[in-house]
Amino acid sequence: MTMLTDRQQLSYIAAQAADARVNLELETEGMTLNIGPQHPATHGTLRIIARLDGEQVVWAEPSCGYMHRGYEKLTEVRTFPQVTALINRIDWLGSFANEVPFILAAEKLMGIEAPARAQHIRTILFELSRIANVSLFLGDLGVQLGAITPVFMAFRDREYVLNLIEGATGGRFHPNFDRIGGLKDDLPAGWIDETRTVMKKLRNFCDEIENLLFGNEIFQSRTRGIGVIPRDVAMQYGLSGANLRASGVDWDLRRDQSLPMAWNKVDWKVWTHNDGDSFARCWVRLQEVRESTKIVDQLIETLPAGPVMTKVPRIIKVPEGEAWVATENPLGEMGYYVVSKGDLGPFRVKIRSASFNNMSITPWLLKGVYVPDIITILASLYFILGDIDR
Amino acid sequence: MSTLSVLAIDIPYWAQSLLRVLGGLVAVLLPAGTIVYVFLFKMMSFMQSRLGPMEAGPFGSLQLFAEVGKWLQKEDICPERADKFIFKLAPLIVLASTFLLVAVVPFGPDAWFTNFEAGIFYALAVSSVSVLGILIAGWASANKYSLLGGLRAAGQLIAYELPMVLAVIGVVIQAGSMNLQDIVVAQNAGSMFGWDGVGNPYVLTQFVGFVVFMVAVQAELTQAPFDMPIAESELVSGYMTEYSGFRFLIFFIGEFATAGVFAMIASILFLGGWGVPFAWFGWSDIDSIDNWMNIVGPLILFTKMMLVVFVIMWVRFSYPRFREDQLQRFAWKVLIPISLVNIMVTAILKVAF
Amino acid sequence: MPKIPGLFKGLGVTLGTLSRTVTEGANTVQYPHEKETPPIRARGVIALHEGNCTSCMLCARSCPDWCIYIEGHKELAPPRRAGGKPRQVNKLDRFDIDYALCMYCGICVEVCPFDALFWSPEYEYSEPRIADLLHDKAKLGEWMQTVPEAPELEAGADKKGKK
C-alpha cells in the first residue's frame, strides 16, 4: 500500500465528501478535472484540481510547486551582487521590480541610501516594469476570454517598454541593473525623449483595450459579478495589490510606507473599486497602467542631476542583522526578509511573493462557479507561475 | 436540365456524375482555401498589426499548402482508450455534412448540382448532421476536455438550429418557395415599391431575419463569440483536442468550408445569390437569363460569400466568447422570440400586400 | 450624443488596426530579411579582449552559475628593461563561456579589473546542438569587433560612462 501524507489524506477525504454531496443532490457522478499542469490558462505549470458536477465546480484546489526553483535556498550560497541576477527570475514579467526590495533591504542593513538620481531612475524603471507586466495582463485577459486580438496589441505596445528597459539596462527581461548603493549606470542620452513618446503610445493602448475589451458587453457579462471577493475576505486571505484594491481596500505600499524611492515626490492616485469582482480587478489594473505612465512622465521631468552610485566597498559585506522590505510590485506586495551574518552572502532570505498569497484564495473563490468562470477568475487574479513557485 | 446541357454537349450519365463530384470538391475546397488565406492568415494578422505568413509563395499565398503538407506528414494518433472506429469516423461525418450542404447551392441559372423543391429545408436538415460528428468526436476521444467540448457543442448547435430555421421562415414566406433557385429569382426579379433598380434583396426587407440568421450561423460555425465548444484557453480546443495529422486537417477544412457554404446560403437567402437585379438587363424570369450568367453567376456568388465571411471573421477576431449558460439564454430568450415576431410581422405584411 | 455600444466600438478598433496595417505597414519586422538594431547596451554576447586578461579567475568565481572556464599557466616574459629580471606573466590557455548556462547577468563584465570582458549586442549565434554553445576564446575574441562605444549619458549624469 502506498503511503499517504496527512495532506493527501485530507484532500482525499474532502474529495470524497464533495462526491457525496454531488451524489445526494442529483444522483449524478462527479468528475475530477485536472486543469494543468499543462494548460493554456495557467500561464505555466499551475495545476488546479477541480471536482465538477456537470460544468459546476464543487471543490477546487490549486496544486503549486511544479516549477519550484528553490530561490530561497539558492540565495544562501550566492553573494549579494549575485542574488539580484537570480531574483530577477521570480516574477519574470516585471523583473526590475523584484530587485528593488532586496536591494533596499541590503542597503537598510548596511545603513546606506542611494543618491536621489538613482532613486528616481529606480522608480522610473520600477513603474516601467509594472507597465510591461500589467499591459501583458490586459492582452492576456482577452485571450483567456476568447478574444485573440488584444494580446497582439499588448505584445506590440509592451515591446516599446521592453525596448526602453533594454536601452537603459541592457536586458529586456532581466535587467539586473540595481546595485547595492545605487545603479549600475546612468541613463543613455535620448532615453528620456523616447520614454515620453512611448508613454503616449501606452496611454493610447489603454484606450484601445478599453474600447476593444472593457467596453464590450460580452466581456462585461463574463466578468461582472464573477468571483466576487468581499472586503473582509480579501483581507483575511492576505491578498495584496490590485486584487485587494478591487475589493475596496485603499492600500498601496507605494503610498503608505516611506521608502527611499521617488513615489512621494509626484502626484498620482491609488485606484480602488468597490465591486470586488473580476471586472473590478481588471479595471483597477487598467487604471494602474495609466497611473504608472503618469508617474513616469512626471519623474522624467524632475530627474535630479548627480551621481547614481554612492561609495560602497568593492567587495560587499553586509553587516549582521535582519531587515524586511516590501514594495508594491505589479502583482501585489513583494517582500524580502534578509538575514545577514556579516558574510558575503545572505544567511537566509525569506521571499514573500504576491502571487503565492493571492493564489491561496482560489479554493474559496472557485467553489460553485462554472468551468469557464475558473478561467475568468484565474485570469483576473493574475498570477505568474514564477512568482508562485519561486 | 443538367449542369452542362446548356453547353449543348451530350455527356453520358456517369461523366455527369463525375463532373458533379469534381464540381462539389471545387465548390467546397476553393472557398475554404480562400477563406483561410484571405481571412484567417491575412485579415487576422492585419487586425493585429502584423503581416501573417510571408515566406511560402508570394505574400505567403502557398502557406496553406505547406500546412496541409505538414499535417499529412504527422502521425495519426489515436488515444489508447478511445473508441477507435467512431474516433476515426467523426471528422468524416463533419466534412460529409459540408459536402451534402453544398449540393443544393445554386451557382447560376443552370449551374447547380441538384435543384429540388424543399432545398432550404434540406440544407438546414443536413447542416445538423455535423453536430453528430462533433458529439461523437468529443465522446470517443476519451478525454474530459473533449467530452465537455462535445457536450457544449451539442447543446449550442441544437439551440441555435432553431433561430436559424425561424429566421429562414421569414424569407420563405416572402419568396413563397423553399427552392433556393426560386428564392434567388424572387429577389432579383422583385421590386421595392415599384422601383426595381436593386431588385428586392431580402437583407432590406428581412433585416431582422438576416441579423438573427447571421448570429445563428456564427454559433453554428462555433466561431467567437460562440466558440465555447472549442475554447482553446479553457477546454484546449474541446472536441478536437485528441485529433492530429490529417484528421485534424479534416476538422480544420470542415470548419472553414462550412463557413463558406453557410455564407453562400446566407447570400442566397438575403443578398440575391448568384444574380444581379434582372431589370438591369431586361430579364423577366429564369428562362430569359443569358447563358453567360452561368459563368459570371458563381463569381458573383463568390464575391457575396466573401463579404458575408468578412463579417463573420471580423466579429470572430474582435469579440471575447460567451459563457455556456449566457449563450443558451441568448438563444432561447432573445433570438427565438425575435425571430417568432419577425415571422408574424412578415406573414401579416405578406397578406396585407 | 448617444452612447455607441461597446460591441461596435470593438469592431471599430480592429478595423482601424487593419487599415493602419495596410496603409502604414505592420509593427512586426520580417526577421531574416530585415533586422532591428539592438540598443548599444544590449547584452547580446560577452566578448573577450584576450590581451587584457590575466587569468585572475575573478569572473569565473563571481559567475552565479559557474559557466566560465579558465585555464592558464605562468610564463616568463622577457624583461622590460635590458638587464632586468624576466617578468612572470599569466598566460591564458583556455577561456570558455558556456552560453547554454549563461544567464546574461553581466556580473563577470563588471568585476573584471582589467577590462578584458565586454558586452556586445550581437545576437545571432544560435547553434543546432546545445554543446556547440560552449564558445572558446578565439570565438569570444572575434566578437570584440562588434563591441560598440559606450553611449552618451543623459543630461545631469555625474560620472563619465565606462565601457
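Student: How do strands E2 and E3 of chain A pair?

Tutor: Start with the terms. Strands (E, at least two residues) and helices (H or I, at least four) are DSSP runs, numbered from the N terminus. Two strands pair if DSSP finds at least two bridges between them. Here, E2 (residues 47-53) and E3 (residues 56-63) of chain A run antiparallel over 7 bridges. Take A:Ile48: its bridge partner in E3(A) is A:Pro62. The hairpin of E2(A) and E3(A) has 2 residues between the strands, and A:Gly54 takes a positive phi near 70 degrees there.

Student: What kind of model is this, and how are its parts numbered?

Tutor: It is a predicted model: local features need pLDDT of at least 70, side-chain atom pairs count only at pLDDT 80 or more, and totals for chains, interfaces and linings use all residues. Residues are numbered from 1 along each chain as its sequence is written, while chains are lettered from A and ligands numbered from 1 in the order in which they are written.

Student: At what angle do H3 and H4 of chain B cross?

Tutor: Axes are lines fitted to C-alpha atoms, for helices over the stretch in contact, and angles run from 0 to 180 degrees between N-to-C directions. The axes of H3 (residues 84-102) and H4 (residues 119-127) of chain B come within 9 Å and cross at roughly 175 degrees. H3(B) is therefore roughly antiparallel to H4(B), a label for angles over 145 degrees.

Student: Which residues make that contact?

Tutor: Contact means C-beta atoms, placed from the backbone, within 7 Å. H3(B) brings B:Ser97, B:Leu100 and B:Leu101; H4(B) brings B:Ala123, B:Val126 and B:Ser127. By class, that is 4 nonpolar, 2 polar and no charged residues. Nonpolar covers Ala, Val, Leu, Ile, Met, Phe, Trp, Tyr, Cys and Pro; charged covers Asp, Glu, Lys and Arg; the others, Gly among them, are polar.

Student: How many residues of chain B and chain A are in contact?

Tutor: Chain B gives 23 residues and chain A gives 27. On the chain B side, H6 (144-175), H11 and H12 (324-352) each supply at least two. That side has 10 nonpolar, 5 polar and 8 charged residues.

Student: Is B:Gly297 buried or exposed?

Tutor: Buried means 20 or more other C-beta atoms within 10 Å of the residue's own; exposed means 12 or fewer; partly exposed lies in between. B:Gly297 counts as buried because it has 23 C-beta neighbours inside 10 Å. B:Gly297 belongs to H11 (residues 293-318) of chain B.

How values were computed: Two residues are in contact if their C-beta atoms, placed from the backbone, lie within 7 Å. Angles under 35 degrees count as roughly parallel, over 145 as roughly antiparallel, 65 to 115 as roughly perpendicular and the rest as oblique.
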